[in-house]
Amino acid sequence: MRRLTQPKIVLASHNQGKLREIQPLLAPFNIACVSAGDLGLEEPEETETSFAGNARLKAHFAAQAAGLPALSDDSGICVDGLDGAPGVYTADWAHTPNGRDFTIAMTRVWEELEAANAPFPRRAMFNCTLCLAWPDGHDEIFTGITPGHVVWPLRGVHGFGFDPMFQPDGYDQTFGEMLPEQKHPLSHRADAFKKLVSGCLS
């Protein structure tokens, strides 16, 4: 497994929420992280059908464009009662002509579970697949998950995406009700990042 020795990487995302979560994780290793959006890089079309496929696509695109190692994150929520949907299409479910609206996406998830008469608890998991890619084409892949279930009505104003409807196992609050310092250690992103640290940083 290749070690990351460069002092700066690109986060292959325009999502400021992801940048806020990942920057503090890299800080102890003295690695600066700048987003693809801050560098004015385009976002490639996500044409793959797996988290790993999309993560690779985004990381290699950013690494080539910036000439720096790039870290990408492809993540989503997989709901058992919907056969794993929305999965890799999580962000697509939030798409509107005016940008992403995750309230619409969460409402659709619940309505489809109701229509399917899905049993309770309505199991789900967050999946995060990280790809660390270098400009020479090498990459490393790490996957993290957080198991739990979805709830209705939505609860909480913190976090982003599906956080207000996802309650992780062992807790009585949704990610949307947790403060960042409570949520981050439990998140699928933190799980994947621990594996990245073990493989490429420590």
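**Figure 1. A search of the whole structure for disulfides finds 0.** A disulfide here is a pair of cysteine sulfur atoms within 2.5 Å. In general, a disulfide is a covalent bond between the sulfur atoms of two cysteines. This is a predicted model, in which local features need pLDDT of at least 70 and side-chain atom pairs count only at pLDDT 80 or more, while totals for chains, interfaces and linings use all residues. Residues are numbered from 1 along each chain as its sequence is written, and side-chain values use heavy atoms, with hydrogens and water left out. C78 counts as buried, at 11% relative accessibility, and C200 is buried at 1% relative accessible area. (Buried means under 20% relative accessible area, exposed over 50%, and partly exposed in between, using a 1.4 Å probe and protein chains only.)

**Figure 2. Six strands make an open sheet: the order of the 6 is β2-β1-β3-β6-β7-β8, with mixed pairing.** Helices (H or I, at least four residues) and strands (E, at least two) are DSSP runs, numbered from the N terminus. Two strands pair if DSSP finds at least two bridges between them. At the edges are β2 (32-35) and β8 (166-168), each pairing on one side only. From one strand to the next, the twist averages 35°. Look at β6 (residues 123-133) and β7 (residues 139-150): they run antiparallel and are joined by 11 bridges. Here L132 stands opposite E140 in β7.

**Figure 3. Helix α6 (residues 188-201) lies across β3 (70-79), β6 and β7.** The helix runs at about 155° to β7. Axes are lines fitted to C-alpha atoms, for helices over the stretch in contact, and angles run from 0 to 180 degrees between N-to-C directions.

**Figure 4. Helices α1 and α6 pack at an angle of about 35°.** Their axes are 11 Å apart, and the crossing is right-handed. (A crossing is right-handed if the near helix is turned clockwise from the far one by less than a right angle, and left-handed if anticlockwise.) The contact is made by K18, E21, I22, L25 and L26 of α1 together with R189, F193 and L201 of α6. Contact means heavy atoms within 4.5 Å. Within α1, the residues G17, K18, L19, E21, I22 and L26 are buried.

**Figure 5. The largest nonpolar core has 20 residues.** A nonpolar core is a set of buried Ala, Val, Leu, Ile, Met, Phe, Trp, Tyr and Cys residues joined through side-chain atoms within 4.5 Å. Which members touch the most others? They are L26, L71, F193, L196 and L201. The elements giving two or more residues to this core are β1 (8-11), α1 (16-26), β6 and α6, and α6 provides the largest share, 6 residues. Apart from this core lies another, of 19 residues, including V150, M165, F175 and M178.

**Figure 6. L39 sits in the loop between β2 and α2 (51-66).** At 40% relative accessibility, L39 counts as partly exposed. Leaving aside neighbours within four places in sequence, L39 is in contact with V10, V34 and A66.
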